Amino acid sequence: MKEFELDIRAGESVDRAVYALYLPALKLQYLLEEIDSWNIASSEMQFYIMNEADKNDAIFYISNTEIKFNYSAFCNPFRRLGKKLFIPLNASLNYELTDKEIDTASNWDYSIFMPNKRFFSLDQADLIGLDKLLSVNPEKNSSWNYAKAGNQPTSTIRSISLSTDTDLKKLLSDGNEDIASEPALSENDLKNDNDTTPIRNTTNKMISRFKGMMSNKDGDTAGPRGTHTPIAGHGPGGSWVERFQKWTTNQLNSVSNKLQDKRLKELENLLDELKTNPSAGLKKALPFSSFNQGRGMAKSGSTLSNHSINFNLTGLAGSGGMLDSWDIPWEIQQQLKKEYREIANREMMNNNYRRAAYIFAHLLGDISAAANVLYQGKYYQEAAILYKEKLRDTRKAADCYEKCGDFQAAIEIYENLEEYLKVAELYQQLKNTEEEKVYIEKAALHEIDKGNLLAAADIYENKAQSTDKALALLESGWPAHQQASKCLEVQLYLLGKYGRKNESKSLLDGFKEEQVPSYACVSFARAMLSTVKSYPDTEIKKQAEDLIRINAARRIPKANLNEREKLLEILSKSVSDDKILHRDVMRYKEKQKSRKKKTVPHPSSSCFSTIEKKIPLSKEIHWQQCCNTGACIFVSGFSDRSFHVVQIDWEWNMQENTWEIPAELSKLSKEDLYKSIRISASFNSSMDLLIYDTVNTRYETKTWSQTDELAKMTGGTPHWMVHYVQNITYSEKKLLYFADFSDNSLTLTIQDMLGNITKSVEYTLDFIPNPYAEIRDIAVQRDSIYVAIDEFLICIQQDHVDYIDFNYPIINLMGSAPFARRRLAVALEKGCAMVWTGWDWQNYNYFNTDLENPKIVFTANGSLICHDVERCEIYESSNQKVKLINSYDHIMVLRDICRGRAGSEYFLLSNDHLQLNKLSDEWY
């Protein structure tokens with residue numbers, strides 16, 4: 001058989017066909033997103049898992065045809081020689097070989113030559129499809145700092161020679177011990193040694209080779225002139241090979257210890273230099289970034305070499321040179337990281353943004369901070385690449401492309417994000433009027449599809465300059481749409497703004513002739529009150545006042561207590577000059593308030609609540625919600641134009657992220673705005689916090705940077721969330737339940753952990769008088785789904801629908817802790833109810849009927865905490881009974897409440913702090 005060596009060298013980048021891709025170790029999320037972006041049939045995909053000790057599983061993708069789809073920058077392309085050999089795209093042979101010669105040289109189906117001098121050979125059976133690839137978990141620590149041996153070479157390769165950083169002959173000649181006198185060392189001892197330096201690897205291979213040369217198929221060693229001498233167990237201290245192995249191991253350990261001492265001294269010098277001469281120290285700084293990967297292992301050394309300290313994208317793409325991996329003690333690692341961050345902060349203050357970005361990205365691996373620094377320094381092109389390729393924050397990348405003038409790249413991203421208004425603005429800057437009009441119309445239709453008529457009307461009025469289209473759209477929203485009240489209010493506002501009095505008069509005259517639907521009376525009254533306050537014509541104002549009186553007179557006798565109070569409040573605001581009517585309204589309200597409250601005795605109990613921790617929060621933000629994800633607590637709130645979320649870990653370290661309030665929500669009143677944006681803990685691997693609102697606006701994914709104290713967290717609205725969602729919840733089976741109610745139809749959508757819809761069912765609820773009532777909350781208990789719609793609690797069990805009418809609007813639902821007996825606490829505008837879940841679920845109890853708008857939570861130990869602004873009550877529930885354990889008065893501005901980490905803990909969110917409370921241990 002003909003034998004030859006392949007002499008491969010790096011060449012210039014030329015236009016060559018790509019037949020394979022090397023995907024370095026990636027998180028599963030990024031790997032799936034990358035493969036999905038190829039847009040090719042999964043049946044055509046062939047992967048090879050490159051398993052490596054102490055590393056992630058790198059992926060090698062092989063194609064039978066030329067790869068023409070777009071792939072990301074971190075995918076390294078490979079060309080094909082013949083049909084069997086794959087080498088890097090920029091690699092070349094020093095001499096020409098025919099395809100037939102190359103294919104004949106290997107007994108394997110495929111051979112792969114890696115840039116770090118690694119050689120793999122595999123058969124077709126070693127390749128797997130996409131389905132089997134997903135069953136492999138690549139979530140392991142990754143490092144390319146060591147070169148490992150590949151698969152067994154083919155029969156045509158005669159030998160492999162490795163260069164080392166120490167002359168082995170000199171090492172042998174310098175030894176003064178007699179190797180024959182050393183005791184034997186078993187082969188397992190060497191295998192279990194974690195030292196994998198080139199010297200030790202070479203020595204191990206040489207010993208194995210000596211054994212292989214001297215062993216025949218019977219297991220004996222061929223001695224001189226054909227004699228046979230057994231290897232082990234003979235001669236003083238074992239065979240000469242074992243004594244040689246023992247001696248060289250001792251020598252190598254001595255070399256390794258001396259090398260480590262020199263390296264520690266060099267690291268101490270580096271720390272001193274970083275403090276005294278930061279610029280010189282940075283040139284020798286060791287990286288802690290997984291992105292700063294090399295291509296194989298360099299010769300071991302004890303000195304740090306100089307390198308460039310300017311930020312560049314090449315190193316982050318994994319195209320660095322060979323690396324020498326150092327074993328650095330944890331204490332020194334922390335000191336180096338601290339120094340790096342301090343220098344980066346100083347560089348930012350001195351406006352040296354590229355150097356600060358280099359420190360964050362190349363030395364610390366904090367890509368989010370690096371991208372932010374480049375953005376501040378107006379290096380938008382490089383920041384865009386980091387946001388797009390590394391952080392997957394496409395919206396931020398589009399913003400960078402826009403700022404650096406690359407409008408086409410920004411347009412492509414914004415169009416994929418369905419942000420058509422932004423696309424129209426960019427076409428306006430490009431002076432492309434026709435495309436601008438097209439995307440303005442697309443933006444309006446997109447908002448209509450989402451059910452946001454207000455936003456669509458705003459686009460028609462202010463962007464398309466078509467007031468008639470806006471008015472026609474708003475008119476279609478009354479009374480059936482969920483935004484009916486606002487549609488009517490804005491319609492009258494626009495008629496007044498453009499002086500169209502006759503149309504306003506005609507519209508209001510129609511409401512005198514036709515009675516307003518019962519479910520829309522409060523909405524209609526609010527719209528008329530807005531007209532009274534803002535319409536420029538006095539005659540129209542008087543007409544709106546009359547309609548409020550007529551509407552209230554028709555509805556109040558039939559309304560429930562809550563609706564009646566709302567109508568009277570609107571009536572009193574609209575007729576401030578009618579002293580008699582105003583007096584009657586106030587007298588009625590006072591009569592309602594003067595109802596004698598039922599006093600709840602303070603039982604004698606050893607159970608009481610103590611304050612364990614107070615975490616101060618900014619007083620400039622209106623804090624609204626809190627939730628416990630297990631890994632941390634998230635607290636959210638509002639400022640004038642922003643939505644803020646603070647992440648707090650269990651050591652009470654804090655980080656904040658900010659989202660701009662969408663234009664669709666900016667027109668809402670503060671009360672409606674606070675109700676619209678909600679947060680929830682996420683089960684999905686790509687999202688730790690879910691942010692959503694009833695207008696279905698998407699919130700871009702943002703990351704809380706990982707620090708030495710805080711774990712990396714992400715928040716936003718994932719792309720897989722369904723539209724038209726009014727509320728969500730999670731089940732113990734890690735399923736996500738979306739609920740939407742409109743036109744007497746309740747739609748439930750269930751998704752799994754990957755965002756796949758597993759079930760979607762629509763139920764008709766004719767018993768609810770208002771077909772566009774609001775979903776207040778949703779909860780799941782085992783196989784039962786509970787949905788709160790105004791004052792109705794809907795229960796769905798095996799597609800059978802039943803309900804309870806509590807007469808008071810429901811605030812929220814709270815299920816008992818996992819592994820406890822299933823029960824559901826229902827917080828009402830007045831008091832609470834406990835529902836005993838199961839087939840007899842309509843067996844429920846009212847309790848604490850004195851509390852107004854209470855906040856409730858079950859502790860992990862099973863107690864129920866009920867709070868309002870003046871009082872706290874603690875309940876125990878068992879045997880279908882609710883028992884008051886203790887109660888006490890307090891004064892605080894209570895915003896929200898959530899479960900704590902320990903069994904008896906819970907959190908209270910106030911206007912300026914988060915408070916951790918704990919029930920007394922005596923009770924448990």
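# Reading a predicted protein chain

Analyst: Of the 924 residues in the protein chain, 48% are buried. The model is predicted, and the chain contains 27 helices and 39 strands. Among contacts with a separation of 6 or more, 57% link residues 24 or more positions apart.

User: Where is confidence lowest in the protein chain, and where is it highest?

Analyst: The mean pLDDT is lowest in helix α4 (residues 168–174), at 36, and highest in strand β14 (residues 633–638), at 94. Over residues 136–199 the pLDDT is below 50, although this stretch has 119 contacts in the model beyond near neighbours in sequence. Residues 213–235 also stay under 50, and the model gives them 18 contacts beyond four places in sequence. For the chain as a whole, the average pLDDT is 76, and 74% of the residues score at least 70.

User: Which residues of α20 and α22 meet?

Analyst: From α20, the residues are S485, L488, E489 and L492. They meet S523, F524, R526, A527, M528, S530 and T531 of α22.

User: Is helix α11 largely enclosed or largely open?

Analyst: Helix α11 (residues 353–363) is largely enclosed by the rest of the structure, because 10 of its 11 residues are buried. The buried residues are Y353, R355, A356, A357, Y358, I359, F360, A361, H362 and L363. Just after α11 comes G365, which takes a positive phi of about 75 degrees.

User: Which residues of helix α15 are buried, and against what do they pack?

Analyst: In helix α15 (residues 407–416), F407, A409, A410, I411, I413 and Y414 are buried. The buried residues of this helix pack against α14 and α16 (420–429). After α15 comes E418, with a positive phi near 60 degrees.

User: Is T394 buried, partly exposed or exposed?

Analyst: T394 belongs to helix α14 (residues 394–403). Its relative accessibility is 31%, so T394 counts as partly exposed. Apart from neighbours within four places in sequence, T394 is in contact with I413 and L417. The C-alpha atoms of T394 and E700 are separated by 8.5 Å, although these residues are 306 residues apart along the chain.

User: How are strands β3 and β4 joined?

Analyst: Strands of a sheet pair through backbone hydrogen bonds, either parallel or antiparallel. Here β3 and strand β4 (residues 58–62) run antiparallel and are joined by 4 bridges.

User: How many residues of strand β29 are buried, and how does it pair with β30?

Analyst: Strand β29 (residues 810–815) has 5 of its 6 residues buried, so it is largely enclosed by the rest of the structure. It pairs with strand β30 (residues 824–828) in the antiparallel sense, over 5 bridges. The bridge partner of I810 in β30 is L828.

User: In what order do the strands of the open sheet with β12 and β37 stand?

Analyst: The order is β12-β39-β38-β37, an open sheet of 4 strands with antiparallel pairing. The edges are β12 (609–616) and β37 (896–899); each has a single partner strand, so one side of each is left without a neighbour in the sheet. Neighbouring strands in this sheet are turned by 25 degrees against each other on average, direction ignored.

User: What joins β38 and β39 within that sheet?

Analyst: Strand β38 (residues 905–909) and strand β39 (residues 913–919) run antiparallel and are joined by 5 bridges. Within this pairing, L908 stands opposite Q915 of β39.

Conventions. Residues are numbered from 1 along each chain as its sequence is written. This is a predicted model: local features need pLDDT of at least 70, side-chain atom pairs count only at pLDDT 80 or more; totals for chains, interfaces and linings use all residues. Side-chain values use heavy atoms; hydrogens and water are left out. Buried means under 20% relative accessible area, exposed over 50%, partly exposed in between (1.4 Å probe, protein chains only). Helices (H or I, at least four residues) and strands (E, at least two) are DSSP runs, numbered from the N terminus. pLDDT is the predictor's confidence in each residue, from 0 to 100. Contact means heavy atoms within 4.5 Å. Two strands pair if DSSP finds at least two bridges between them. Axes are lines fitted to C-alpha atoms, for helices over the stretch in contact, and angles run from 0 to 180 degrees between N-to-C directions.
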